[in-house]
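Subject: Structure handover

Hello,

Here is the structure you asked for. My notes on it follow below.

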Amino acid sequence: MVANIQEKSLYLPRLAKMTKKERFTEKEMFFEFRFDDGSNLNHRPGQFVELSIYGIGEAPISISSSPTQQGYFELCVRAVGRVTNYLHKNLDVGSYVGIRGPFGNGFPYEKFKGYDMLFICGGLGVAPLRSLINYTLDKTKRNEFGKVYILYGCKNNQEWLYQKEVESWLNRADVETYLTVDKCTDSNWKGNVGVITTLIPKVNFDVNKTIAVICGPPVMYKFVVLELKNRNFKEENIYMSLERKMKCGVGKCGHCQINNVYVCQSGPVFDLPTVRKLQEAI
Amino acid sequence: MQGYILTMDSLRNLVQELMKTYKVVAPVKKETRFDFCEIEKFDDIRLDYDTSILPPKKYLSPPVETLLRFKRSENKAEPVFDTTPVVLFGLHPCDIKGIKHLDQAFSENNNYDRHYLAKRENALIIGLECLPYDYCFCSSVGSTFAKDGFDIMLIPIGDSYLAEVGSKKGEELLKRIQAKPSQELDIKKAEAFKSEKEKKIVRRFNKVNASTVRDLMQRTWDHKHWKELEERCLACGSCNLVCPTCFCFDVQDEVHINLDDGERRRIWDGCMLVDFAKVGSGENFREHRSQRLRHRINRKFNYLYDRFNSPTCVGCGRCVRACTVKIDPVEIVNELSR
């Protein structure tokens, strides 16, 4: 019994130090964290962590950096609740937070090798997809993938996340980047206006060798899938990361459940044929 | 069914022996009903209880449970494991099956929940065979009898009990109080009690059984009855609270008055409550009461079936009794299969 007692708690976080903090928009901030012992988070693109602040609580946050970025990990956090607001307002570089995870399945990027990649990011959905985008574009990995298309839409010209990186994508010869804003509120914006689906007809992808990866607000998925289907996209080549309330991360607390699936364990990444079998999924 | 025979006196002996080393929890009278409580003496126990207000689960997965103790100023936390030895005495077969489900849920996928398991490993379960009461329907979900999941199972035979052995610990205990081995006649009496029980179960599914109820649920996901139930269901979560196999939880931090020390606690949560599937952005994936009720009923009869290899409802009937508007899984299933 004694040996058992000494076993670890699933709910005990390890500490990570905030090493960068940068404001993206009014609601979203960028953070870099490091473990004091220099170890990596050892995550897959598409996984998430539980970020915890003692006395405030815990919140699930998708990992925004690629595992090829060693020695640190990055999160892009929208201030919506107690934990995220506290992180934005009360913690600065040098502060420690608790981290549990990484949790979830992440993207099956091994299967994507040799394929062209079509990333479809809506708003904050760019945060988890950036992990896979950076992985794909990493110089050690780039030749494992074919063409890369990035479609990224946000509400208006003030809402861009990772603006500098988006600019670098625009400047890369091996990436086709398409941007759109839902509403043009700013005379500086000369690009596409309309929801993200309006970008899909502009992209000249080959449905026989392209993987589509989608992440965005819940309302977005149905319409993006419809538009991809209009282009004869194969269902098994469409992947999406679903948003759910992931409280424990270890398949116990029940909040993330869709039918028979615990999203924190079997997800958050699903292919479309799997999603089709889940009622209430999208 | 090899076992031992316990007279009332030897049962008293057993409990008194247990009270020396264990916290003994058993059904006691609470005003007009019964509930599991820590007893002070054998006579507190009501062996004739119909069911308890809350399932005995509350001693393994309490309504509020400290997971970590932390100190904010030092960013330090340490886990809390409760290893108090407990005897859960007098559990009916449905509740024993309920605990078996919890055992699995808290140790699946290599995610061993030591907070639950520490309590469970230090618990002894002594079951008590029962007769049906007004609300239960165990035969429809395959939990009429417990084959395992207990250390000792007591079956009433006249003035005595046949004590079936479920574990080594149970056997040692019976030997320690020098219980006599049962005779063939005792076993016959116990079998007669059990078949009497089976005959008396009147509340049941009309057209499906424990293994086909899942298919029914899958076929009727879009049935109009879910919408009809929305008119009645108050989404109060009472059914979640009294369910022996509801194990969903919320986690909250509680800071002491010095604003430095505190605890991270797990608190029972319920999928019938409006915020249960709501995410930070405000999106609620089961906004309507009908969606939440359908989720709950499917969770008991369909969604978790493959994992647990049976319905996770154990037919105890507590949810029916607790429901203000008397929503009843048996009626739902019978309406869906009509």
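A word on naming before anything else: helices (H or I, at least four residues) and strands (E, at least two) are runs assigned by DSSP, and they are numbered from the N terminus. Please keep in mind that this is a predicted model.

**Confidence**

The model scores ipTM 0.92 and pTM 0.94. Chain A has a mean pLDDT of 95, with 98% of its residues at 70 or more. Chain B averages a pLDDT of 96, and 100% of its residues score at least 70.

**Where the chains meet**

The contact between the chains takes 35 residues from chain A and 42 residues from chain B. On the chain B side, five elements are listed as giving two or more residues. They are strand S4 (64-71), strand S5 (76-79), helix H3 (114-121), strand S11 (249-255) and strand S12 (261-268) of chain B. S11(B) gives the most to this side, with six residues. Sorted by class, the side of chain B that touches chain A has 21 nonpolar, 12 charged and nine polar residues.

**Domains of chain A**

The assignment for chain A gives domain 1 (9-103) and domain 2 (109-241). Taken over C-alpha atoms, the centres of these two domains of chain A are 24 Å apart. In their contact, 15 residues of domain 1 of chain A meet 16 residues of domain 2 of chain A. The domain 1 side of that contact divides into eight polar, five nonpolar and two charged residues.

**Domains of chain B**

Chain B is divided into domain 1 (3-200) and domain 2 (213-336). Over C-alpha atoms, 25 Å separate the centres of domain 1 and domain 2 of chain B. Here 32 residues of domain 1 of chain B are in contact with 26 residues of domain 2 of chain B. Two elements of chain B give two or more residues to the domain 1 side: S4 and helix H2 (93-105). S4 of chain B is also listed on the side of chain B that touches chain A. By class, the domain 1 side facing domain 2 of chain B has 15 nonpolar, 10 polar and seven charged residues.

**A helix pair in chain B**

Look at helix H7 (residues 224-232) and helix H9 (residues 289-303) of chain B. How do they cross? Their axes come within 8 Å, and the crossing angle is roughly 115°. Angles of 65 to 115 degrees count as roughly perpendicular. H7(B) and H9(B) are therefore roughly perpendicular to each other. Their crossing is right-handed. H7(B) makes the contact through Trp226(B), Lys227(B), Leu229(B) and Glu230(B). H9(B) brings Arg289(B), Ser290(B), Leu293(B) and Arg294(B). That contact has four charged, three nonpolar and one polar residue by class.

**Backbone points in chain A**

- Pro102(A) is placed in strand S6 (residues 96-103) of chain A.
- Gly267(A) to Pro268(A): these residues are joined by a cis peptide bond, and omega is about 5°. Pro268(A) lies in the loop between helix H7 (263-266) and strand S15 (269-271) of chain A.
- Asn232(A): phi is near 65°, a positive value in a residue other than glycine. Asn232(A) is found in the loop between helix H6 (220-230) and strand S12 (238-241) of chain A.

Mind the labels when you search: an H7 is named in chain A, and an H7 is named in chain B.

Best wishes

Note on methods
Residues are numbered from 1 along each chain as its sequence is written. Chains are lettered from A and ligands numbered from 1 in the order in which they are written. This is a predicted model: local features need pLDDT of at least 70, side-chain atom pairs count only at pLDDT 80 or more; totals for chains, interfaces and linings use all residues. pLDDT is the predictor's confidence in each residue, from 0 to 100. Two residues are in contact if their C-beta atoms, placed from the backbone, lie within 7 Å. Ala, Val, Leu, Ile, Met, Phe, Trp, Tyr, Cys and Pro count as nonpolar, Asp, Glu, Lys and Arg as charged, and the others, Gly among them, as polar. Domain bounds come from an automatic or database domain assignment. Axes are lines fitted to C-alpha atoms, for helices over the stretch in contact, and angles run from 0 to 180 degrees between N-to-C directions. Angles under 35 degrees count as roughly parallel, over 145 as roughly antiparallel, 65 to 115 as roughly perpendicular and the rest as oblique. A crossing is left-handed if the near helix is turned anticlockwise from the far one by less than a right angle, and right-handed if clockwise.
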